[in-house]
Amino acid sequence: MLRMRRRSLVPLLLVALAGCGPKLSVYYAKPVEWRTPGGEAAVIERYRPQLDTLTIYLDPGHGGTDHNGKGPSGETEAAINLRVALHLRDYLQAAGATVIISRTTDATVGLRDRSTLANASGADFFVSIHHNAVDDALTNYTSTWYHARPSDSAYHPANQDIARYVQRDLAYAMGNNGSNSTFDGTMSDYIVYPNAGFSVLRYTTLPAILVEGSFWSNVYEEARLKKDEFNQIEAFGIFKGLGRYFAAGVPRIAPATRDSVFTGWRPNFTLNASDSRAALDSASLEVRIDGRKLTDVRFDRRGRITATPSRDLANGPHRLDVRIRNANGNGSWPFGRLFTVAPTVAGLTAVDEPSELPGDPRAVARIRVRAVDAKGDPVADG
């Protein structure tokens, strides 16, 4: 039996499902906003200022030739995923967002193609929609997943931030608990695939989350998931979570200049951080080059960030990464920038191989010439 909080039991929607076996009745509560005329529309309008400038990529999992996930009565996960995604699309579009969706029918989309298409779409972030299953027919909870772990270079805090907001509103809307294995119901995909994670999160370069709404392997939950209205309730929960997340503000980072090639070994970087909804937390600022945290970093009241490496960088390509949080705890979206250290040429070195030739007109020698900097190191282009 699914335990629900007392305040979510009024009013209850009772649905009697007829089947081959004994009648199964399932219960779920309509969102409180639906109980007042205009309440649902008011929620959409509340989050319009946060969503109407965004492009969201939705990815309903499975479909087409991938119909292996079937519940106790035969309902497919692919069909559930699609119904929820289409309802979520409608909510987001009603709030002014641009929505791109990997499939709108029972079509086949390759696993790697989902990330490739999302990365090329110009979308701001990615939401993959799934439902779960285990051999234990009693297990049921709601979980929202992010990629990697904080100790891994592939982890980015913004993904977990989005997951936290969505998980809270989604679990509440569905009347489910979160997993007991984590404090807030959000989960790293490394739990399932250590040091790899889910393909759609590993290969998607946008901020991204994956939702596992609940378990279709649970006979009671499958009966709820077969109901289109319950699918809409689930989508409404995801929509509210996204709306709350953006209402709390998301710091943005942009370079102040377009420079990507530097002649000095310790280039100076200038960037701008901004957030129209919350103050920036200067103590959370991190600037890294090739994963190494810089200590010479300054931040002023206008959001101007200046940073300089404390030691010389090697000639060649490098990567700059910057993160900052706002007063509400939301982290900036991933900001990474490739740059090259390319000091000017100070001279040439030549090496002949071999250094001596025999007295034979057919003998050949190779002379290798390199351009070097003032330290005698090869310049970036060799």
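Helix α5, residues 157-174, lies across β6 (143-146), β7 and β8 (208-215). It runs at about 25° to β8. Helices here are DSSP runs of H or I with at least four residues, strands are E runs of at least two, and both are numbered from the N terminus. Axes are lines fitted to C-alpha atoms, for helices over the stretch in contact, and angles run from 0 to 180 degrees between N-to-C directions.

Ground rules, quickly. This is a predicted model, with residues numbered from 1 along each chain as its sequence is written. Local features need pLDDT of at least 70, side-chain atom pairs count only at pLDDT 80 or more, totals for chains, interfaces and linings use all residues, and side-chain values use heavy atoms, with hydrogens and water left out.

Now the sheet. It is open, with 6 strands in the order β4-β3-β5-β8-β6-β7 and mixed pairing. Pairing requires at least two DSSP bridges between two strands. The edges are β4 (98-101) and β7 (186-188), each pairing on one side only. From one strand to the next, the twist averages 25°. Look at β3, residues 55-60: this strand and β4 pair in the parallel sense over 4 bridges. Tyrosine 57 stands opposite isoleucine 100 in β4. Helix α4, residues 111-120, packs on the sheet and touches β3 and β5 (125-132). The direction of α4 makes about 170° with that of β3. Contact means heavy atoms within 4.5 Å.

Next, helix on helix. Two numbers describe such a pair: the angle between the axes and the distance between them.

Take α1 (residues 39-46) and α8 (residues 228-247). They pack at about 30°, axes 11 Å apart. So α1 is roughly parallel to α8. The cut-offs: under 35 degrees is roughly parallel, over 145 roughly antiparallel, 65 to 115 roughly perpendicular, and the rest oblique. The α1 and α8 crossing is left-handed; that means the near helix is turned anticlockwise from the far one by less than a right angle, while clockwise is right-handed. From α1, the contact uses Glu40, Val43 and Ile44; from α8, Gln232, Phe236, Phe239 and Lys240.

What about α3, residues 77-94, and α8? Their axes come within 8 Å and cross at roughly 50°. That makes α3 oblique to α8. This crossing of α3 and α8 is right-handed. Residues in α3 that meet α8 include Ile80, Arg83 and His87. Among their partners in α8 are Asp228, Ala235 and Leu242.
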